[in-house]
Amino acid sequence: MLSPRTKSALILIAASALSMSASAHTGVEAHSHSGFISGFVHPLFGLDHLAAMVAVGLWSALAARKAGPELAWGPVGFAAMLLVGVVLGLQGVIVPAVEPMIAASLLVTGLLVVSRLRVPGLVAALGVGTFALFHGVAHGLELAGEASAWPTLAGMLTATMLLHCAGLAAGWALRSRQVWLARAAGAGVAAFGGSLLLQMA
């Protein structure tokens, strides 16, 4: 029988495998009313972001050798480059292949969870950060010209870090027991990303 902690972790990671749209960048309707709350809610209903952010946290926990600063490299790298991408989008910078790269981010982060691949902290930050850049550009282009773009961004970054923390907590709870649950969630995220890429082909 699963412990309450394991059940909570399962609920958190199961949400990351959900798919309701053929578009890699989902949940855009959350920006219809901009502001902090809109920005905060978007990653929770934008399934591409929900899956990617939780998967980054899961991978960081599963691949870490021990508790400590190395847990933060992936989440911090993702959040930092998400911010950079949003700023580029707000300035009207067009980056090619945004949708395919968002889908690819799901495929790759899902596979990282499955494999529990260990890489140096800076490599982890740059790797997931590269994908986060494309997530950020998509949002920045949506928010360009909005008077409340920065409060919306603040809400988005807050939710991003909370989702990373949720993934970290779930991954840490499952890294010794029922690790297969985390890997199954990673496989679901990878399948989500792969299906989106196939639909774009």
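## Helix α4

Helices (H or I, at least four residues) and strands (E, at least two) are DSSP runs, numbered from the N terminus.

Buried means under 20% relative accessible area, exposed over 50%, and partly exposed in between (1.4 Å probe, protein chains only). Just after α4, Gly92 takes a positive phi of about 85 degrees.

## The model and its confidence

This is a predicted model, where local features need pLDDT of at least 70 and side-chain atom pairs count only at pLDDT 80 or more, while totals for chains, interfaces and linings use all residues. Residues are numbered from 1 along each chain as its sequence is written, and side-chain values use heavy atoms, with hydrogens and water left out.

The protein chain averages a pLDDT (the predictor's confidence in each residue, from 0 to 100) of 85, and 84% of the residues score at least 70. Over residues 9-32 the pLDDT is below 50, though this stretch still has 69 contacts in the model beyond near neighbours in sequence. Contact means heavy atoms within 4.5 Å. Where pLDDT is low, the predicted coordinates should not be read in detail.

## Overall layout

The protein chain comes to 8 helices and 0 strands. Of its 201 residues, 50% count as buried. Take the contacts between residues at least 6 apart in sequence, and 87% of them join residues at least 24 apart.

## The nonpolar core

The largest nonpolar core has 31 residues, and Leu58, Trp59, Phe78, Leu106, Val113 and Phe192 touch the most other members. At least two residues of this core come from each of α3 (47-63), α4 (73-90), α5 (98-115), α6 (121-143), α7 (149-174) and α8 (179-200). The largest share, 12 residues, is from α3. A nonpolar core is a set of buried Ala, Val, Leu, Ile, Met, Phe, Trp, Tyr and Cys residues joined through side-chain atoms within 4.5 Å.

Zoom in on Leu106: beyond its neighbours within four places in sequence, Leu106 is in contact with Asp48, Ala51, Ala52, Val189, Ala190, Phe192, Gly193 and Leu196.

His135 is found in α6 and counts as buried, at 0% relative accessibility. Not counting residues up to four places away in sequence, His135 touches Asp48, His49, Ala52, Phe78, Leu82, Ile102 and Ser105.

His49 lies in α3 and is buried too, with a relative accessible area of 1%. The C-alpha atoms of His49 and His135 are separated by 7.7 Å, with the two residues 86 apart along the chain.

## Rings and a charge

The structure holds 1 aromatic pair. The rings of Phe36 and Phe40 have their centres 6.3 Å apart and their planes at 15 degrees, so the pair is stacked. Rings of Phe, Tyr and Trp (its six-membered ring) pair if their centres lie within 6.5 Å; planes under 30 degrees apart count as stacked, over 60 as edge-to-face and the rest as tilted. Phe36 and Phe40 are 4 residues apart in α2 (residues 36-45), or about one helical turn. Phe36 is partly exposed at 38% relative accessibility, and Phe40 is partly exposed at 25%.

Elsewhere, Arg175 lies over the face of Trp172, at 4.3 Å from the ring centre. A charge sits over a ring if NZ of Lys or CZ of Arg is within 6 Å of the ring centre and within 35 degrees of the ring normal.
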